[in-house]
Amino acid sequence: MGPQPHGEHPKLPIPGVRNIIAVGSGKGGVGKSTIAVNLAISLAKLGHITGLLDADVYGPNVPLMMGIRATPHAIGQRIQPLSAHGVRLMSMAFLNPGDKPLVWRGPMLNSVIQQFLRNVDWGELDYLVIDLPPGTGDVQLTLVQTTPLTGAIVVTTPSDVSLEDARKAVNMFEQVRERVLGIVENMSYLEHNGERLYVFGKGGGAKTAELMKVPLLAEIPLDPQTREGGDNGHPIATAEPPTLQTTLFEALARKVVDSAREADARRRPTITVAE
Ligand SMILES: Nc1ncnc2c1ncn2[C@@H]1O[C@H](COP(=O)(O)OP(=O)(O)OP(=O)(O)O)[C@@H](O)[C@H]1O
Ligand SMILES: [Mg+2]
């Protein structure tokens with residue numbers, strides 16, 4: 001049975017959080033966390049108050065990528081998010097440091113996701129970016145069935161296997177009536193001696209976006225500095241002076257802001273003032 005668009009429980013907004021953007025993919029290792037981290041930092045650099053929830057409870061990578069290891073404290077029942085590069089952060093890795101894996105079963109998984117969304121003191125946020133685990137499993141469903149998103153971003157590489165799974169991810173969001181803001185093609189090409197090498201194939205993201213009738217939001221090249229930035233806690237979006245990659249992430253952030261404003265305008269009824 002597929003996901004139910006009209007579950008028994010209505011979707012509950014998170015008080016104070018204006019826009020929720022989920023970053024997902026059908027396949028693992030395509031760069032979701034890299035995109036989520038650099039998007040969140042770019043949104044913050046544009047002046048938006050931004051949070052980043054690492055919802056990958058199986059393999060949380062966001063703290064390493066954001067260069068922060070600490071234990072959040074609670075005030076009463078409310079967990080206080082940590083902060084790095086101008087972004088408020090929450091991740092399972094803060095609560096379970098080290099290499100011990102966590103095994104989650106259905107009800108526990110639902111409860112931990114709800115706690116991350118609703119028991120964390122996010123405060124007033126313009127954007128909450130959510131880094132999802134790979135695939136279309138329990139975490140993704142729990143989240144999209146209980147929380148209204150502004151929209152989802154589906155990350156893929158140009159290879160056929162990744163694209164096949166990206167289509168599944170787009171369908172999952174659409175089945176639960178969530179808007180897909182668009183596709184981000186990651187690892188699109190590698191620039192070498194002034195030439196572009198299409199390591200994983202060419203133009204797959206654009207073709208898939210056309211097929212699924214969603215925008216192609218960005219084509220992000222393979223870039224050693226981006227990988228290093230992820231490993232050393234200084235994501236490429238923070239680079240000074242900015243690199244090509246920094247500007248691509250800024251452009252992605254601006255598109256997300258435009259889509260959020262459009263969604264907002266659609267929600268608000270048009271008021272006609274009688275003369
Ligand atoms: N555009 C890029 N250029 C170079 N390296 C990249 C790029 N995007 C991602 N990477 C690197 O690829 C690896 C996988 O990326 P990442 O962890 O973001 O993928 P993911 O989709 O979140 O993976 P998972 O499914 O395991 O959560 C990381 O080492 C990351 O630094
Ligand atoms: Mg990840």
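Let me start with Asn186, where a polar side-chain atom sits 2.9 Å from a nitrogen atom of ligand 1, and please keep in mind throughout that what we have on screen is a predicted model. Two further polar contacts involve the backbone: a nitrogen atom of ligand 1 lies 2.9 Å from a polar backbone atom of Pro221, and an oxygen atom of the ligand is 2.9 Å from a backbone N or O atom of Gly31. Taken alone, ligand 1 exposes 630 Å², and the protein buries 81% of that.

Stepping back to the shell as a whole, there are 18 residues around ligand 1, and those that come nearest are Gly29, Lys32, Ser33, Thr34 and Asn186. By residue class, the shell divides into eight polar, six nonpolar and four charged residues. As for where they come from, at least two residues each are supplied by helix 1 (32–45), strand 9 (180–192), strand 11 (216–222) and helix 8 (224–232), and it is helix 1 that gives the most, with three residues.

Now, to turn to another part of the chain, I would like to look at Ala70, which lies in the loop that runs between helix 2 (62–66) and strand 3 (74–75). If we leave aside the neighbours within four places in sequence, Ala70 is in contact with Leu82 and Phe94. In the case of Phe94, which is 24 residues away from Ala70 along the chain, the two C-alpha atoms are separated by 6.1 Å.

Conventions
Residues numbered from 1 in each chain as written. Chains lettered and ligands numbered in written order. Predicted model: local features only at pLDDT ≥ 70, side-chain atom pairs only at ≥ 80, totals over all residues. Heavy atoms only, no water. Near = heavy atom within 4 Å. Polar contact = N/O pair within 3.5 Å; in protein donor to acceptor, adjacent residues only side chain to side chain. Areas by Shrake-Rupley, 256 points an atom, 1.4 Å probe, with all protein chains shown as cover. Helix = DSSP H or I, 4+ residues; strand = E, 2+ residues; numbered from the N terminus. Nonpolar A, V, L, I, M, F, W, Y, C, P; charged D, E, K, R; others polar. Contact = heavy atoms within 4.5 Å.
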